Amino acid sequence: MPTTRQIVLNSRPDGWVTPDNFRIAEAEVPPLDEGDVLVRHLYMSVDPYMRGLMNDGGVAYASGFQIDAPLFGRVIGVVDSSRNPDFSEGDCVYGMLDWAEWSVARGGESLRKVDPDLAPLSHYLGTLGFPGLTAYVGMMLIGKPKDGETVYVSAASGAVGQVAGQLARIAGARVIGSAGSDEKVRFFTNECGFHDGFNYRTVPSIPEALRLFCSDGIDVNFENVGGANLDAVLAHANPFARFAMCGMISQYNLKEPYHLRNVNEIVSKRLHVQGFVVRDHSHLIESFIEETAEHIRSGRMSVAEDIVNGFENAPDAFIGMLKGENLGKRVVKIADL
Ligand code: NDP
């Protein structure tokens, strides 16, 4: 069996994640038992939810990473050898696997085959993966945008945001985005067909920007950011607006969370505010992939990825994503197929 590098949790962050929270370790890959699959990793996903798993106790829906143990996350790989009848050598697979170059999927658990002929493999970690499905669940099952309504998407150029906005545009809504650079705003307006948007770092204030860009109010809010962004949307939302509460990335590294001032608007405007976690909707992934691959093939949907090369660069890629360095879905490329 091969040896592998792994990225292990060296220490827990106190506020912002730092490179010394991670360490690279060498490990022997264990032999395969009946049902196991040996996977050579090609791409690893760096995702905001992993920040919560670095805390002691993890998050409400998942337990956290253990000190001195490898981190784990979404991986695309290729089957090197298999003692599982459902997987053969050469199959391309998706799985929740260790942050490593190689790993053994015990009993083939969490593995799913992906089709390299349908789309580039990295897409299965972004637009055709759980970030895309997150956008679908939040926008189409909770937001339910209607023709002519105004939809607002924060972190709009990111993995989830770019798909969420494009789904709303396909549904006939007027879509406004916000992001942290002019280049990101150009991407989602020019390439993703958002109707307009703004750079939240350079506008005088978010409330003022929402008054300008969403002059008819907001009917659907796809919330990726939280904090001051959410406060401003609460104040600017129309009565009976739907809020798909996807994430609060502005809060994940703060020691002192932002205190919302406008929660009373939920009552007075009779808002529908619904949190959700994509893993509760995993059963939709295959039909989602089929539908979304067709959107991409027909040119209705654009895809932006941000690929960082080199396994050892995963910690920096993760920290950079939390700081907004990425344009589109950030993945780490480990090896060629
Ligand atoms: P992205 O690809 O959007 O990358 C993260 C982006 O967040 C950065 O590029 C940055 O973009 C933005 N950001 C970081 N800090 C701030 C800040 N203080 N204020 C505003 N924006 C900030 O990541 P994802 O698409 O994977 O995730 C987007 C959101 O969706 C996150 O909140 C995540 O937790 C959530 N999520 C929720 C899931 C669920 O099941 N509920 C599943 C997957 C993701 P910018 O330059 O624009 O600031």
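Reader: How do the residues of the shell around the ligand divide into nonpolar, polar and charged?
Author: The shell has 15 nonpolar, eight polar and two charged residues. Here Ala, Val, Leu, Ile, Met, Phe, Trp, Tyr, Cys and Pro count as nonpolar, Asp, Glu, Lys and Arg as charged, and the others, Gly among them, as polar. One caution. This is a predicted model: local features need pLDDT of at least 70, side-chain atom pairs count only at pLDDT 80 or more, and totals for chains, interfaces and linings use all residues. Residues are numbered from 1 along each chain as its sequence is written, and side-chain values use heavy atoms, with hydrogens and water left out.

Reader: Which residues are the closest to the ligand?
Author: Lys184, Tyr200, Tyr252, Val278 and Asn326. In total, 25 residues surround the ligand. A residue counts if one of its heavy atoms lies within 4 Å.

Reader: What does a polar side-chain atom of Tyr252 lie 2.7 Å from?
Author: An oxygen atom of the ligand. Val278 uses a polar backbone atom, 2.7 Å from a ligand oxygen. A polar contact is a pair of N or O atoms within 3.5 Å. Within protein, one must be able to donate a hydrogen and the other to accept it, and residues adjacent in sequence count only if both atoms are side-chain atoms.

Reader: How much of the ligand does the protein bury?
Author: The protein buries 90% of the 900 Å² that the ligand exposes when taken alone. Areas come from the Shrake-Rupley method with a 1.4 Å probe; for residues, only the protein chains shown count as cover.

Reader: Which elements give two or more residues to the shell?
Author: α3 (159-170) and α9 (314-323). Helices (H or I, at least four residues) and strands (E, at least two) are DSSP runs, numbered from the N terminus.

Reader: New topic. In what order do the six strands of the open sheet run?
Author: β10-β9-β8-β11-β12-β13, with parallel pairing. Strands pair if DSSP finds at least two bridges between them. The edges are β10 (196-199) and β13 (272-275), each pairing on one side only.

Reader: How many bridges pair β9 with β10?
Author: Four, in the parallel sense, with β9 spanning residues 174-179. Ala179 stands opposite Asn199 in β10.

Reader: And which strands does β4 pair with in the antiparallel sense?
Author: β3 (residues 37-45) joins β4 (residues 72-82) through seven bridges. β4 also pairs with β5 (residues 92-98) over seven bridges. Val39 stands opposite Val79 in β4, and Arg74 opposite Met96 in β5.
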